[in-house]
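This briefing sets out selected features of one protein chain. Please consult the sequence and the structure shown here alongside the notes that follow.

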Amino acid sequence: MPTRRSKAADRIGAFPCKPLKPLVLMPVLLLSGCNMVVLAPSGDIAMQQRNLIVISTLLMLLIIIPVIFLTLFFAWKYRQSNTEAAYDPEWHHSTRLEIVIWSAPLAIIVALGAVTWISTHQLDPYRPLDRIDASRPIPQGIKPLTVEVVALDWKWLFLYPDLGIATVNELVAPVDIPINFKITAASVMNSFFVPALAGQIYAMPGMETKLHAVINRVGDYEGFSANYSGAGFSNMRFKFRGLEKMDFEAWIGKVRSGGRPLGRLEYLRLEQPSEKEPVRYFSSLDPALYDAILNMCVDQAKMCVSEMMEIDAKGGGGMEGINNIMRLTYDDRLGGQQTKRPAAPFVAALCIPNGNGPGGSVTIAAPVQKTNLE
């Protein structure tokens, strides 16, 4: 004789666990968009930075996990319904408990401080590399690859001064060869970041930052700006490719045969803001271009930062340098076009006070007409 099923059993049998599957898969779907390159990098510097993150996290978890466990344990043990738990309303101090509470975090802070101190010096981006990876030191006589990086609006320019070539939005380097980056910007501050290679380094106009790194694995990786820099920031990305030595030499030949020269005039055109720029190659390179970009005087009508600093070091230009204001004005773009301003003096007249007090009279002197300093 068949048994009689309850209404609850009928409901359960009608939906055999299928509604639970999407809930079980939800964490997997959320993790599908994660990029684990920071925790699985391909360059030795990024690998050391990954290790620092892991070590710091584990040290902090030595405190966090016991605190979470004890919080839940005390809430459960001393709940209102547990009449068997010891109740001591007069308790106020325990020396042993104080020692545990303060000594354990202090030990963790000391350990974190030691790790941070050592890593700060070992991973200094200005510090030249002393190894290829954890098991290989830098071979004797190996020549690093020098790459000069310029952040533009909104694209990346890479200059290879030793090879005499340049690229836009494509950075290529041979594996297991140290790379010396020199980094600057043309307009606003950006941040040069290839997660698989090393940590981010800021790119600032009129200033140079440095980064030493090495890629240990062949592959194509993503690089981008990690600092908001305007309307085209979202598309300010580039490809970083790690190649074997022979493939890298073949790539150099491809750039030299398929590109065009890059001089000051070509750079001024390239400097104009643009978005989603395709990869470009330049077969030859003005050797003085990077220094001109760094000193903000690619336009030869402008005074170089190095010249300005030399004048300042000698006490300044005085009244004779009043007309140099035009040569010191760098951001004179209007609507994306390079404009030329008139060469009239910036200061039309000077106010000269008569008398010593604040209530003294003022006379207007004649306009200043001095020869520009060269």
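At roughly what angle do the axes of helix α3 and helix α4 cross? The axes of α3 (residues 44-77) and α4 (residues 95-122) cross at roughly 175 degrees and come within 9 Å; axes are lines fitted to C-alpha atoms over the stretch in contact, with angles from 0 to 180 degrees between N-to-C directions. Helix α3 is therefore roughly antiparallel to α4 (an angle over 145 degrees).

This is a predicted model, in which local features need pLDDT of at least 70 and side-chain atom pairs count only at pLDDT 80 or more, whereas totals for chains, interfaces and linings use all residues. Residues are numbered from 1 along each chain as its sequence is written, and side-chain values use heavy atoms, with hydrogens and water left out.

- Contact (heavy atoms within 4.5 Å) involves residues of α3 including Gln48, Leu52 and Ile55, and residues of α4 including Ala104, Pro105 and Ile108.
- By class, the contact of α3 with α4 has twelve nonpolar, four polar and no charged residues (nonpolar: Ala, Val, Leu, Ile, Met, Phe, Trp, Tyr, Cys and Pro; charged: Asp, Glu, Lys and Arg; polar: the others, Gly among them).

**Whole chain**
- The protein chain has eight helices and 19 strands, taken as DSSP runs (helices H or I, at least four residues; strands E, at least two) numbered from the N terminus.
- Of the 374 residues in the protein chain, 32% are buried (under 20% relative accessible area, with a 1.4 Å probe and protein chains only).
- Among contacts with a separation of 6 or more, 64% join residues 24 or more positions apart.

**Surroundings of His212**
- His212 belongs to strand β10 (residues 209-213) and counts as buried because its relative accessibility is 12%.
- The His212 side chain reaches the backbone oxygen of Pro125 at 3.0 Å, a polar contact (N or O atoms within 3.5 Å, one able to donate a hydrogen and the other to accept it; residues adjacent in sequence count only if both atoms are side-chain atoms).
- Beyond neighbours within four places in sequence, the contacts of His212 include Ile45, Tyr126 and Ile179.

**Backbone geometry**
- Most residues other than glycine have a negative phi, and most peptide bonds are trans.
- The peptide bond from Asp153 to Trp154 is cis, with omega near -15 degrees; Trp154 is in the loop between β3 (145-152) and β4 (155-160).
- Lys276, not a glycine, has a positive phi of about 55 degrees, and at 63% relative accessibility Lys276 counts as exposed (over 50%).

Notes. Parallel < 35°, antiparallel > 145°, perpendicular 65-115°, else oblique.
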